[in-house]
Amino acid sequence: MTFGEDRSYSNTVAAFGAAVDALSKAGFGPITSRLRTATVNARVRGAARSQHLLGLAADFAIQRAQVDAFTRAARAQGLVVVNEMNRPGHGAHMHVQAFRAGQVPEAWWGRLSTGAQGVQISEGP
């Protein structure tokens, strides 16, 4: 699957959510972060243009023994996978997002004030 093929934000958020839910149902998780407010993103030192701000990224707390299986499963869902298991200051987790860095359609960043409907806003850690 290629996210954003039709350039529809709402369809992309729905497809991303389905992909993340499939990973969770496959036994990976828990999901520790999904859609973030700008305040939470700043508190966790997220990137200024983190896809979490658009509901297009998620973090999974998984066991180290699951990294390879998780990576294969996430890529099969069309997700971009970032291994943050050993990244200082980020906690041990795997990050997935809909797009490679810099590939989110520019117009979508104007949605930051409203957020994505139907997606849980993460207020932690």
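Visitor: Which residues touch the most other members of the largest nonpolar core?
Guide: Phe16, Leu56, Phe60, Ile62, Phe70, Leu79 and Val96 do, out of 26 residues in that core. This is a predicted model.

Visitor: Which elements give two or more residues to this core?
Guide: H1, E3, H3 and E5 do. H1 gives the most, with six residues.

Visitor: What makes Val20 count as buried?
Guide: The cut-off for buried is under 20% relative accessible area. Val20 has 0% relative accessibility, so Val20 counts as buried. Its place is in helix H1.

Visitor: What does Val20 touch, beyond residues up to four places away in sequence?
Guide: Ile31, Arg34, Ala58, Phe60 and Val96. Leu56 is 36 residues from Val20 along the chain, with 9.6 Å between their C-alpha atoms.

Visitor: And which residues is Leu56 in contact with, leaving aside neighbours within four places in sequence?
Guide: Its partners include Thr12, Val13 and Phe16. Gln51, Val96, Gln97, Ala98, Phe99 and Trp108 are also in contact with Leu56.

Visitor: How do you know that the buried residues of H1 line one face of the helix?
Guide: First, the residues themselves: Tyr9, Thr12, Val13, Phe16, Gly17, Ala19, Val20 and Leu23 are the buried ones in H1. Seen down the helix axis, they fall within an arc of 165°, so they line one face. The face turned away from them carries the exposed residues Ser10, Ala14 and Lys25.

Visitor: What covers the buried residues of H1?
Guide: The cover includes E1, strand E3 (57-60), H3 and strand E5 (93-97).

Visitor: How does the reach of H1 compare with what is expected?
Guide: H1 has 17 residues. From first C-alpha to last, H1 reaches 24 Å, close to the 24 Å expected at 1.5 Å a residue. Just after H1, Gly27 takes a positive phi of about 100°.

Visitor: Which parts does the pair of Phe28 and Phe70 tie together?
Guide: Phe28 lies in the loop between helix H1 (9-25) and strand E1 (31-33), while Phe70 lies in helix H3 (residues 67-76). The pair therefore ties together parts that are 42 residues apart in sequence.

Visitor: What makes the pair of Phe99 and Trp108 edge-to-face?
Guide: Their ring centres are 5.7 Å apart, within 6.5 Å, so they pair. Their planes stand at 70°, over the 60-degree cut-off, so the pair is edge-to-face. Phe99 and Trp108 are both buried. Ring pairs link Tyr9, Phe99 and Trp108 into a cluster.

Visitor: Now the whole chain. What pattern does the protein follow along the sequence?
Guide: α-β-β-α-β-α-β-β-β. That is three helices and six strands. Of the 125 residues, 43% are buried. The protein exposes about 6,900 Å², and carbon and sulfur atoms supply 50% of it. Among contacts between residues at least 6 apart in sequence, 64% join residues at least 24 apart.

Notes: Residues numbered from 1 in each chain as written. Predicted model: local features only at pLDDT ≥ 70, side-chain atom pairs only at ≥ 80, totals over all residues. Heavy atoms only, no water. Helix = DSSP H or I, 4+ residues; strand = E, 2+ residues; numbered from the N terminus. Phe/Tyr/Trp six-rings, centres within 6.5 Å; stacked < 30°, edge-to-face > 60°. Buried < 20%, exposed > 50% of the residue type's maximum accessible area, 1.4 Å probe, protein only. Contact = heavy atoms within 4.5 Å. Areas by Shrake-Rupley, 256 points an atom, 1.4 Å probe, with all protein chains shown as cover. Expected span 1.5 Å × (residues − 1). Arc of directions from axis to C-beta. Core = buried A, V, L, I, M, F, W, Y, C linked by side-chain atoms within 4.5 Å.
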